[in-house]
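Thanks for coming, everyone. Please have the sequence and the model open side by side, and I will walk you through a few places where the side chains meet.

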Amino acid sequence: MDDIELVIVSDYLKKNRKYMHVHASDRALTEAGSAKFFVKANGDSELRNRGILKDREIREIKEFIKENQ
């Protein structure tokens, strides 16, 4: 990315951070298996829809989001 693109992305992130979310799905990529996490500014995430993911999988995803936010 060049400097102009970085500025555009940075501005977009600042304006839309409260809407940032992550979708995670089962291996079959089904809608029923899809979970949705809303990401907070500090990297924590709030699970809104768990789909059919197991508690362990949800913990791992939340940890991944926190580490990579």
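Let me begin with E46, which is partly exposed at a relative accessible area of 35%; by that scale, buried means under 20% relative accessible area, exposed means over 50%, and partly exposed is in between, using a 1.4 Å probe and protein chains only. Before I go on, please keep in mind that this is a predicted model, where local features need pLDDT of at least 70 and side-chain atom pairs count only at pLDDT 80 or more, while totals for chains, interfaces and linings use all residues. Residues are numbered from 1 along each chain as its sequence is written, and side-chain values use heavy atoms, with hydrogens and water left out.

What does E46 pair with? E46 forms a salt bridge with R48, and the closest N and O atoms are 2.9 Å apart; the term salt bridge here requires a side-chain nitrogen of Lys or Arg within 4 Å of a carboxyl oxygen of Asp or Glu. The charged end of R48 also sits over the ring of F38, 4.2 Å from its centre, where the rule is that NZ of Lys or CZ of Arg must be within 6 Å of the ring centre and within 35 degrees of the ring normal.

Strand β3, residues 45–49, runs antiparallel to β2 and is joined to it by four bridges, and two strands count as paired if DSSP finds at least two bridges between them. The two strands form a hairpin with five residues between them, and in that turn G43 has a positive phi of about 95°.

How many salt bridges does the structure hold? There are four, and side chains of opposite charge can pair when their charged atoms come close. One of them joins R50 to D55, with the closest N and O atoms 2.7 Å apart; R50 is partly exposed at 35%, and D55 is partly exposed too, at 48%. Another joins R56 to E60 at 3.0 Å, N to O, and because these residues are four apart in helix α2, about one helical turn separates them.

Now let us turn to the nonpolar side chains. The largest nonpolar core has seven residues, namely A24, A35, F37, V39, L53, I58 and I65; such a core is a set of buried Ala, Val, Leu, Ile, Met, Phe, Trp, Tyr and Cys residues joined through side-chain atoms within 4.5 Å. Strand β2 (35–39) and helix α2 (55–68) each supply at least two residues of this core, and the largest share, three residues, comes from β2. If we leave out residues up to four places away in sequence, F37 touches several others, including M20, V22, A24, L47, I58 and I65, where contact means heavy atoms within 4.5 Å.

Finally, please compare two loop residues. S34 lies in the loop between β1 (21–24) and β2, and S34 counts as buried because its relative accessibility is 12%. K54, in the loop between β3 and α2, counts as exposed, at 54%.
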